[in-house]
Amino acid sequence: MEPILAANADLAWMLAAFVFVLLMFPGLALYYGGMMGARNVLNMMTMVMVTLGITSVLYVLYGYGLVSGPSVNDWGLIGNPLDYIGLGANMADDGSGSTQVLYFAAWFILFAAITVAIVASGAAGRMKFSAWMVFAPIWLTLVYFPVAHWVFAADGDGISGGFLLNDIGVHDYAGGTAVHMNSGVAALALALVLGARPKRMERPHNVPMALLGGGILWFGWFGFNGSCALGASFLTQVVILNTLLAGSAGILGFAVIEKWREGHVTSLGAITGAVAGLVGITPAANTMTPLGALAVGLLAAGVVAFLLSFKSRMKVDDTLDAFAVHGVGGIVGTLCIVL
């Protein structure tokens, strides 16, 4: 069952937010590309961008049903795609101008695609593009679609949704579980399977490029979190403010730990701290006061920075720090809801 937007102003904001989120793909490509060594930049950037094409095709063919369709046997594990192949029944227009189901189909495509794009970081410098074209649709089908159903599919109108949302009551405002923790753990697993790069300690070839990409990501994050308020409301304002504050606090939290552990503050550390803070606030953005958002950003980025200070001693080559930033950052943000 999809949420319903109340007014045209709500839909207008959601369409604008959609464009914000779409910009996260070139932003992530620049961010990851700048952090790579010069030999693997184009491969990494292309892997990020091609996920949008793969995900869009699979989502229309059967992914929508697996995520948003009625849960098979009411188990809450996976949706039934049979009524939604090619978006099926959702193509009906009642003529009122208020039908929004196609918008939400496109919205969920972007959330799914950005998740897979983050997973690509675990293959950085070690996987051929052709191999990624095989891996990405398999991972989407077997991992992302079921997890998204658990977290995003709500009960309603006689339809059973995912068990994490409806039976356990997990609060995941904008994808801390399905997007960030899911992608972080998957990137770590991929890095473990593929092993270390031949030149593991290869330096980032273009830090300004990474900074630009991180800034575009931050821009897109306002749409990522703001769109989950489902309209132009006071809650949207709260979420956008919290997103700004958590990212800003993340810069400072990472800098403090970096100065303590390494003796200096770096440009790459600053933007990594911002992203860690943004990841931390994602599952909790609608539950926090401004002071709470500052605390989440500081804590998430500080924990990530402390973990990354031991990176050279770790046997796993998590090239672009997806597990630390997205996996651990998402866990910290989710725990802050409980605490």
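Predicted model: local features only at pLDDT ≥ 70, side-chain atom pairs only at ≥ 80, totals over all residues.
Let's start with a crossing: helices α9 and α10 cross in a right-handed sense.

**α9 against α10**
- Helix α9 spans residues 234-262, and its axis lies 6 Å from that of α10 at an angle of about 130°.
- The two helices are therefore oblique to each other.
- From the α9 side, the contact draws on N242, T243, A246, G247, G250, I251, F254 and E258.
- From the α10 side, G269, A270, T272, G273, A274, G277, L278 and I281 take part.
- By class, this contact has seven nonpolar residues, eight polar ones and one charged.

**α8 against α10**
- The axes of α8 (residues 207-226) and α10 (residues 267-281) come within 9 Å and cross at roughly 15°.
- Because angles under 35 degrees count as roughly parallel, α8 and α10 fall into that group.
- The α8–α10 crossing is left-handed.
- On α8, the contact residues are V207, A210, L211, G214, G215, W218, W221 and N225.
- Their partners on α10 are S267, L268, I271, A274, V275, L278, V279 and I281.
- Twelve nonpolar and four polar residues make up the α8–α10 contact, with no charged residues.

**K128 in its loop**
- K128 sits in the loop that links α4 (101-119) to α5 (129-152).
- With a relative accessibility of 66%, K128 counts as exposed.
- K128 and N43 are 85 residues apart in sequence, while their C-alpha atoms are 7.9 Å apart in space.

Note on methods:
Residues numbered from 1 in each chain as written. Heavy atoms only, no water. Axes fitted to C-alpha atoms, helices over the stretch in contact; angles between N-to-C directions. Helix = DSSP H or I, 4+ residues; strand = E, 2+ residues; numbered from the N terminus. Parallel < 35°, antiparallel > 145°, perpendicular 65-115°, else oblique. Left-handed = near helix turned anticlockwise from the far one by under 90°. Contact = heavy atoms within 4.5 Å. Nonpolar A, V, L, I, M, F, W, Y, C, P; charged D, E, K, R; others polar. Buried < 20%, exposed > 50% of the residue type's maximum accessible area, 1.4 Å probe, protein only.
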